[in-house]
Amino acid sequence: MSHRHIVAVGGSDAGISAALRARELDPESNVTVVVADAYPNFSICGIPYYVSGEVTHWTNLAHRTAADLAATGMRVLTDTRATGINVEEHTLDLLDSKGAPRQLPYDALIVGTGAVSVRPPIRGLSGPDALGPADGVHLLHSMGDTFAVMDSLQERQPSTAAIVGAGYIGLEMAEALTSRGIRVSQIEALPEVLPTVDPELGALVHAELERNGVEVLTETAVTAISRSDTGGLTITAEHDGRPVSRTVDFILVVVGVRPDTELAADAGADLGAKGAIVVDEAMRTNLSDVFAAGDCVHTHHRLLGITWLPLGTTAHKQGRVAGENALGGDARFAGSLGTQVVKVFDLVAARTGLREHEVVAANRGWVPATSQSSPDDHKAYYPGATPIHIRITGDEQSGLLLGAQLVGHRSAEIAKRVDTYATALFHTMTVDRLSELDLSYTPPLGSPWDATQMAAQTWVRQHRPAMPSTAESRSTHAH
């Protein structure tokens with residue numbers, strides 16, 4: 001590998017992972033990371049825990065400090081905006097921290113511009129008279145957004161808040177604000193909270209929110225945000241064709257993100273799924289010597305094919321691949337399974353692979369079937385056993401495992417257990433073969449058949465009654 005000048009645009013997971021990999025493989029290479037703000041390598045996923053106070057100082061959200069990054073030999077240009085890619089000339093147009101234009105030459109460029117918050121079509125949220133952070137109305141995706149939220153909480157000392165959206169960040173923020181003593185109303189347009197899992201499991205998260213004092217309004221579409229006569233903020237929404245309104249001191253709108261592709265698209269990069277940048281498995285774009293990775297690119301999914309599924313874990317892996325290939329390597333991104341986990345108060349919800357409607361959308365000829373069971377997390381005779389609600393989806397014809405969803409108590413190792421299914425999915429195992437895995441057991445932590453295996457055996461009993469007798473005999477000894 002020849003010593004080259006590698007430039008990465010974006011100081012979050014993908015850009016920094018690419019830079020670290022390039023420096024690791026070729027310590028002589030010249031690696032520069034261009035960061036639009038002052039916060040390279042900060043954990044966006046950690047923001048709710050800074051808002052809650054569990055992470056005591058914002059600097060603790062850095063995966064690595066500026067000094068750590070400098071020690072690897074990379075150069076980090078903070079408060080520097082990339083404004084254009086000159087593909088033929090192999091240069092990047094920049095505006096530096098003082099607003100002065102300059103050009104940076106590169107041999108290979110990695111675009112890791114990430115994603116930006118979706119601003120939904122709600123009256124009062126856009127346009128010349130839009131309400132914003134100064135009014136106590138916030139979007140939340142960057143460190144800048146986070147400081148605005150913290151300033152708002154400090155200045156307003158709100159006693160009530162509304163969160164529009166009940167996905168991962170919305171739920172984590174409901175917990176964070178509740179832990180600060182704020183009464184939260186959570187408003188979700190879809191039929192249930194946490195729409196990334198089936199409604200049967202979302203309902204358990206819904207109940208946990210209510211148990212902790214959060215008001216949950218589902219199937220409720222927000223139409224407007226305005227200032228009330230008393231100086232509060234009024235949310236106007238619709239539920240079943242009837243108007244609903246709440247007046248609060250603070251509003252957070254977290255309804256998802258969209259890929260930030262302007263830099264690459266302006267240079268001629270092809271865009272695909274959900275408007276994300278098209279890349280091959282080596283993370284190459286259609287532009288010569290330009291790679292892209294992270295939330296701004298489409299996702300190679302091992303079961304779905306091409307989709308867009310922005311996740312920090314994926315961004316780290318894609319960035320690593322891009323960094324290696326920018327040096328002339330031949331790494332490949334092995335593909336995502338959409339494995340995710342979230343903690344909401346004392347419950348944890350996780351998923352990996354596909355749910356039934358996604359299996360149908362994949363159009364691979366699979367016939368999806370789903371089972372639900374609730375095995376205990378450990379032997380019931382040892383105190384503190386709790387049920388784990390597990391939904392397994394498999395192909396009725398081949399018995400192939402296609403997906404799993406779990407909800408259980410935070411003590412029940414939900415994150416560990418979803419990873420068992422994720423590993424099985426990665427290696428295209430059948431549901432039945434999960435019973436062959438040699439998983440750990442001690443009564444305070446598990447059972448001779450792990451909960452993941454008991455749930456698999458339930459699926460086999462329900463959907464594969466004609467399995468060979470060996471599998472049948474295994475299933476009968478499940479407990």
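1. An unreviewed UniProt entry places "domain: Pyridine nucleotide-disulphide oxidoreductase dimerisation" at residues 341-446. UniProt positions follow the numbering used here, feature names are shortened, and annotations may be inferred rather than shown by experiment. This span is 19% helix and 31% strand, and its end C-alpha atoms lie 20 Å apart. Helices (H or I, at least four residues) and strands (E, at least two) are DSSP runs, numbered from the N terminus.

2. The model is predicted: local features need pLDDT of at least 70, side-chain atom pairs count only at pLDDT 80 or more, and totals for chains, interfaces and linings use all residues. Residues are numbered from 1 along each chain as its sequence is written, and side-chain values use heavy atoms, with hydrogens and water left out.

3. Over residues 5-319 the end C-alpha atoms are 16 Å apart, with 24% helix and 29% strand.

4. The domain assignment gives domain 1 (5-116 + 258-327), domain 2 (133-253) and domain 3 (346-463). Such bounds come from an automatic or database domain assignment. Taken over C-alpha atoms, the centres of domain 1 and domain 2 are separated by 31 Å. Their contact (heavy atoms within 4.5 Å) takes 13 residues from domain 1 and 15 residues from domain 2.

5. Domain 1 and domain 2 bury about 1,300 Å² between them, with 75% of it on carbon and sulfur atoms. Buried area is the accessible area (1.4 Å probe) that two parts lose on being put together, summed over both. Ile47, Pro48 and Val51 lose the most area on the domain 1 side, together 39% of what that side buries.

6. Across this interface of domain 1 and domain 2 there are 0 salt bridges, a salt bridge being a side-chain nitrogen of Lys or Arg within 4 Å of a carboxyl oxygen of Asp or Glu. On the side of domain 1 that touches domain 2, helix 2 (47-52) and strand 8 (115-117) are the elements giving two or more residues. Helix 2 supplies the largest share, 6 residues.

7. By the salt-bridge rule the count comes to 15. One of the salt bridges pairs Arg21 with Glu24, whose closest N and O atoms are 2.9 Å apart. Arg21 and Glu24 are separated by about one helical turn because they are 3 residues apart in helix 1 (residues 13-25).
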